Amino acid sequence: MAQPYRAIISDLDGTLLNGEHQLASFTIETLEKLAAKGVDIFFATGRSEPDVKRIIRSVNIDKATLVTANGARATNLGGELLVSHYLPEDIVLDIFHHIPFDPFTVCLNSYQGDEWFINVDVEELKKFHQASGFMYQVTDFHQQHAKQTEKIFYIGRTPENLAPIEASIRERFGDQVQVTYSTPQCLEIMAKGVCKAATLAELAAKRGYSLTDCIAFGDGMNDVEMLAQVGKGCIMGNADPRLKQALPNNEVIGRNTDHAVANKLREIFDID
């Protein structure tokens, strides 16, 4: 019997992960049953690849693709590099040295290679990474290198803290970079054209199908292109209101804390 979709694509935080930023056993079981049916599985997230790999190891599947740092990198479970896009080093250094921000309300971060750097210790961030153990290193960004930068991101206490930073980056770099938000409090910068949808489309094409043959789930503005281009794009009930406004015709399902993705997948793929 033909499956309704060739592949499922899911964001992690606020989508597939529960309120403790972990995969619930019900979700793990659902993913394993989908894999057994021959459905391709893509995890598409703003997180870094080493972080995601440690989270996904709790799922007993042989094949899955990790699309990380909003599409800047893609690997399979065996660690094979499928896609890689870095920010130009001159732009990275320019951002590190010349984009002003208020250090009392905003922290600066970067994913570079397999490492996560931050300008100040932030205890609250550690809860997001308890399941993986992936952790940041505090650095002085005026002395930081610019090599293998997948993304730079700013976390603000409020969305209003990030507005002047976004304005500065857009004014200084124009269309030389890709700017998005993974949450209303997290502004993210990648290389030009890098987004989840672009990388997913490239990967799907290599497998002989397109994004229209996929179902996807997301909750942030970094999911907007992906949810717009797939055959069915489901928005989480707990999603960024801007995402719901951007895609008014997409179905809004339940919340991540209620295992809404797993429930929807069981309904669509007729899994008990």
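**Charges, fold and one tyrosine**

Mentor: In the protein chain, the mean positions of the 26 positive and 37 negative charges lie 3 Å apart. Lys and Arg count as positive, Asp and Glu as negative, while His and the chain ends are not counted; each charge is placed at NZ of Lys, CZ of Arg, CG of Asp or CD of Glu. This is a predicted model, where local features need pLDDT of at least 70, side-chain atom pairs count only at pLDDT 80 or more, and totals for chains, interfaces and linings use all residues. Residues are numbered from 1 along each chain as its sequence is written, and side-chain values use heavy atoms, without hydrogens and water.

Trainee: What radius of gyration does the protein chain have, and what does it agree with?

Mentor: The radius is taken over C-alpha atoms, and the globule rule is 2.2 Å times the number of residues to the power 0.38. For 272 residues a compact globule would have a value near 19 Å, which agrees with the chain's 18 Å.

Trainee: Is Y5 buried or exposed?

Mentor: Buried means under 20% relative accessible area and exposed over 50%, with partly exposed in between (1.4 Å probe, protein chains only). Y5 has 18% relative accessibility, so Y5 counts as buried.

Trainee: Which residues does Y5 contact, leaving aside neighbours within four places in sequence?

Mentor: Y5 sits in the segment before β1 (7-10), where strands (E, at least two residues) are DSSP runs numbered from the N terminus. Contact means heavy atoms within 4.5 Å. The partners of Y5 are V39, D213, C214, I215, G231, K232, I268 and F269.

Note on methods: Helix = DSSP H or I, 4+ residues; strand = E, 2+ residues; numbered from the N terminus.
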